2 protein chains.
Amino acid sequence: MSRPDRLIYLPLGGAGEIGMNAYVYGYGPQDAERLILVDLGVTFPNMDTTPGVDLIFADISWLEERRDRLEAIFITHAHEDHVGAVGHLWSRLRAPVYARPFTASHASRKMEEQGQDPAQVIVTDPWPNKVQAGPFQVSFLPVSHSIPESSGLVIDTPAGRIVHTGDFKLDVTPVLGDPFDRDLWAEVAGDGVKVLTCDSTNVFSPNPGRSETSVGPAIRQLVERADGMVVATTFASNIARLKTLAEAGQAAGRSVCLLGRAMRRMVEAGVETGVLTDFPKTISPEEAGNLPRENLMLIVTGSQGERRAASAQLSRGKYMGLSLREGDLFLFSSKTIPGNERGVLQIVNAFSEMGVDVVDDDADLYHVSGHANRPDLARIHQLMNPQIIVPMHGEHRHLREHVKLAAESGRTGVLAPNGTMLDLTGVTAQIAGYVDTGRTYLDGTVQIGALDGVVRDRIRMALNGQVVVSVLIDEEDEPMGEPWVELMGLPETGASGAALSDVLEADLDQFMGRASDKTLADDDKLEEGLRRIVRQSAQAEIGKRPEVKVIVSRLSA
Amino acid sequence: MSRPDRLIYLPLGGAGEIGMNAYVYGYGPQDAERLILVDLGVTFPNMDTTPGVDLIFADISWLEERRDRLEAIFITHAHEDHVGAVGHLWSRLRAPVYARPFTASHASRKMEEQGQDPAQVIVTDPWPNKVQAGPFQVSFLPVSHSIPESSGLVIDTPAGRIVHTGDFKLDVTPVLGDPFDRDLWAEVAGDGVKVLTCDSTNVFSPNPGRSETSVGPAIRQLVERADGMVVATTFASNIARLKTLAEAGQAAGRSVCLLGRAMRRMVEAGVETGVLTDFPKTISPEEAGNLPRENLMLIVTGSQGERRAASAQLSRGKYMGLSLREGDLFLFSSKTIPGNERGVLQIVNAFSEMGVDVVDDDADLYHVSGHANRPDLARIHQLMNPQIIVPMHGEHRHLREHVKLAAESGRTGVLAPNGTMLDLTGVTAQIAGYVDTGRTYLDGTVQIGALDGVVRDRIRMALNGQVVVSVLIDEEDEPMGEPWVELMGLPETGASGAALSDVLEADLDQFMGRASDKTLADDDKLEEGLRRIVRQSAQAEIGKRPEVKVIVSRLSA
């Protein structure tokens, strides 16, 4: 007897953080559903929890094990948290990647950079064009966001229509790229929407969102009134903002120079794919260096305080031969993402020391968000009028609040954090099960599991310092010479005033002298004893218990 | 010929960060000035820049070398960034410590905890009482802040009167503790003020500050409407807020329980020193555990997301036998200090997962700042009408903005970051020189310099991982057996699919086989070669260059 078909939803990433989006939909008999994946993004590491890690992906093991059932991957837009993992993870999934031209240009580059075939990325026209992917018909539905060509997905299934919003805002004048087209979305809703899977990022923002166009006048005024060089930073992918900034420079009679690889690359991709037209002429850093500073406007990467980006480098001195000085103006046309405050403030203070005036967006004049605020979300709920609302793209608190927002207008929202498989076949959503999810770290060139212990060990070394103990044992299991220690990340002297290494070595030597034949013959016992001595002795001497590595060298070995 | 007397100001900490306040004033012949120190605080470490460090102090080496000239230490109030280093650093300074009773009770405890004589802390009455300290007459001038008994200092010198504001706000209804007394400050200003050394924390806040009293109604309403247990957190030292919270609980018929050592200690100190009266009766955690949750209000430590505080522990499960669950309410009656966002959001999301409703101060309803905002600073400038304004207690950006604020009303502000010695003898401030300043880390029980390299090594291990290479060399300088490696914080396998340790050992063994007699006989050469091999080999295998420690064991040694 064959099992009935069902429609499932399974977030592997993005429903528990703002980042590493990866949402699975499936349709078919239980455990034999044909699958599609929406987005394959990254999230960024930090020193607190992921020191040394380069990028973080959703753990896609569940999907990898079922990749024979995976029909296609759809990328909603070109932000790193939606497309950033495509190159790194594609070889584990091997399904065609669909995206609109600007997004596809980024996805292809990411494939190439990781040695994958860029032809796997298929440039796709938007609604009403549809991609057939097994039982799914998928169409890109243009919408406004903070990057060109962002799209929701209309996913038609035998069980009904799903609208997956992607990241979006309701902007009818977005400077460039697709405006929010209410009639188009109403047309999609007209046939009935079963499920609205909806961006939750700004659910705590109480006022309606503002248009990208609204920041133009304030920026133009600021640039016009500036005396020295003007430098502005924003997210490199916000090409509309780049254009607004560059036009403000041009209007003030300034030559515009783009600094930072990501920024130049975004503008190039925008021009190549036709989403960006009429961008003011830019000059090279070399040309900029030859102009009077009051005739210059730099637009630079690094709005989040990233250490290697142009902003941070300028705050430490020169970048590409250019530097700031007293009387210059630096504009953050951006908001600081929570967790990045320290890096941003370090830059602001460094500029302050140079006498540079820093203007940020505290007064909400020079930046608008790319996400739908609370009232905008309520509007889209009403417009799409779905049976079920599934909040996505948010931390747990955002998802939970979005469910409450749905309830405020009598709608049904379902809280489904990463790993929650929903059965959406019926009139209401059912929890179909839980899947182990997690994170995969890109560390150098290696993918490691978040729970492999590698990062845990790094954090321990960083917090506690490290002692390496080395002992030599001869063929008769007798110690040869004295144990010695190497210290890393530990103070040289402690309470006694003697060198910490001398104190530890003396205590270890005593232990070796006292150790029984049985202990000396047993690596595990010996290591355990030596480790204990180091930790006790260090605790007394410096008030810390370091990590300890014991190396027993046996001549007989 | 004797040199003329001069009046100097030298910030060792606090003028370059919000934290670790330590300001020196001196009067007398150049390089023989008699000195006083205002405040001796800490700042807090973070994983980005100071992993494993327990506390951070200003580097007081300059003052320690001149401690025979140090007359006294004055503590303006009991916040950690003003009093926190007293116990740790007193033995390097050995001067009497003056403070008002509540502050003195904290300072004494800190002395005792570090094995110093608490009798060195002298309880002092406020203005008009004066302490004679060499050429200085110093008086504590009561002012409102977010802790009881905060005080400015009136420092009379032969060159004129200095008013050092300490941390302050202009609150005439501060719930408890000293209100801002305009007439008193005007009386002090009446005799003429030469220098106003002034708090800069809130110079970027454009609106006048609000009174502590203003949060009461919103908090009472929130608690009254809550169904389940109510838990509120704020800074433990904000006793006025604790009282407001506790009274809101009491008014709603709830029993109040304080959780967290710092909170109970603050309330005890408040009662003992008489600054706190009529605090609602509290119950123990055990009693709380026996009450219905709708009859309970917990007030807990950990508003900044500190991992070991009550809030964080409750977000992970039980604390003192109490736990939260669906339908409970958690209130952050506090703002998140920049840099602490990640820890706070982790707690918020953990509560969200439990179904707890979290209310924060996004809407400015449940918290007010303890610092004077921009218009309040302008008011105090006008009221005190000093010859010179010296901004203090701020990052560089705050100090610089405060100088601009002074200029807006035609006053002279002087930018003097940590280490800048000002000569304040004349009508205008002169820069008298620059002193090397920096930070001292308390690491376990040891004080280490910020530039000692200890923390740098920890950060490197955390970012890059660590390889320990061990080789045995016999009496004839020939290798015995093969080199072996131990990995810490590194992935087990890399590009080749073989164990990373096997790959490294094979490459190292090859190197040993090729190594010349000269290399084998020379520890430095051998170590350098082995290190290079590990880094090259790891780069190829895992795309990272780890930290490498080489241990050469020589039988001849």
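**Cavities, domains and strands in a predicted model**

The largest cavity has a volume of about 130 Å³. Of the 22 residues in its lining, those closest to the centre are His145(B), Ser146(B), Ile147(B), Pro174(B) and Ala240(B). The lining of this largest cavity is made up of eight nonpolar, eight polar and six charged residues. The structure is a predicted model, and a search of the whole of it finds three cavities of 30 Å³ or more.

The second largest cavity has a volume of about 80 Å³. Its lining consists of 15 residues, and His145(A), Ser146(A), Ile147(A), Pro148(A) and Leu176(A) are the ones nearest its centre. Seven nonpolar, five polar and three charged residues form the lining of the second largest cavity. Domain 1 (5-207 + 369-449) and domain 2 (213-359) of chain A each supply at least three residues to this lining.

The confidence scores of the model are an ipTM of 0.94 and a pTM of 0.95. For chain A the average pLDDT is 96, and 99% of the residues score at least 70. Where pLDDT is low, predicted coordinates should not be read in detail.

Chain A contains 17 helices and 26 strands. Its C-alpha trace spans about 85 × 80 × 45 Å along the principal axes. Of the 557 residues in chain A, 59% are buried. The chain is divided into domain 1 (5-207 + 369-449), domain 2 (213-359) and domain 3 (465-554). A distance of 55 Å separates the C-alpha centres of domain 2 of chain A and domain 3 of chain A.

Strand 3 (residues 34-38) of chain A is mostly covered, with four of its five residues buried. Strand 3 of chain A is joined to strand 2 (residues 22-29) of chain A by five bridges, and these two strands run antiparallel. Within this pairing, Tyr23(A) has Val38(A) in strand 3 of chain A as its bridge partner. Strands 2 and 3 of chain A form a hairpin with four residues between the strands, where Asp31(A) takes a positive phi near 65°. Strand 3 of chain A is also joined to strand 6 (residues 70-74) of chain A, here by four bridges and in the parallel sense. Leu37(A) has Ile73(A) in strand 6 of chain A as its bridge partner.

Four strands of chain A form an open sheet with antiparallel pairing, in the order 4-5-22-23. Strand 4 (42-43) and strand 23 (446-449) of chain A are the edge strands, each pairing on one side only. Strand 4 of chain A and strand 5 (residues 55-58) of chain A run antiparallel and are joined by two bridges. The bridge partner of Val42(A) is Phe57(A), in strand 5 of chain A.

In chain B, four of the five residues of strand 15 (residues 255-259) are buried, so this strand is largely enclosed by the rest of the structure. Strand 15 of chain B pairs with strand 16 (residues 296-300) of chain B over five bridges, in the parallel sense. Cys257(B) stands opposite Leu298(B), which belongs to strand 16 of chain B.

How values were computed. Residues numbered from 1 in each chain as written. Chains lettered and ligands numbered in written order. Predicted model: local features only at pLDDT ≥ 70, side-chain atom pairs only at ≥ 80, totals over all residues. Heavy atoms only, no water. Domains from an automatic or database assignment. Buried < 20%, exposed > 50% of the residue type's maximum accessible area, 1.4 Å probe, protein only. Pairing = 2+ DSSP bridges. 1 Å grid on protein atoms, 1.4 Å probe; cavity = no way out; pocket = protein on both sides within 12 Å on 5 of 7 lines; lining within 4 Å. Points joined across faces, edges and corners; volume = space filled by probe spheres on them. Nonpolar A, V, L, I, M, F, W, Y, C, P; charged D, E, K, R; others polar. pLDDT = per-residue confidence, 0-100.
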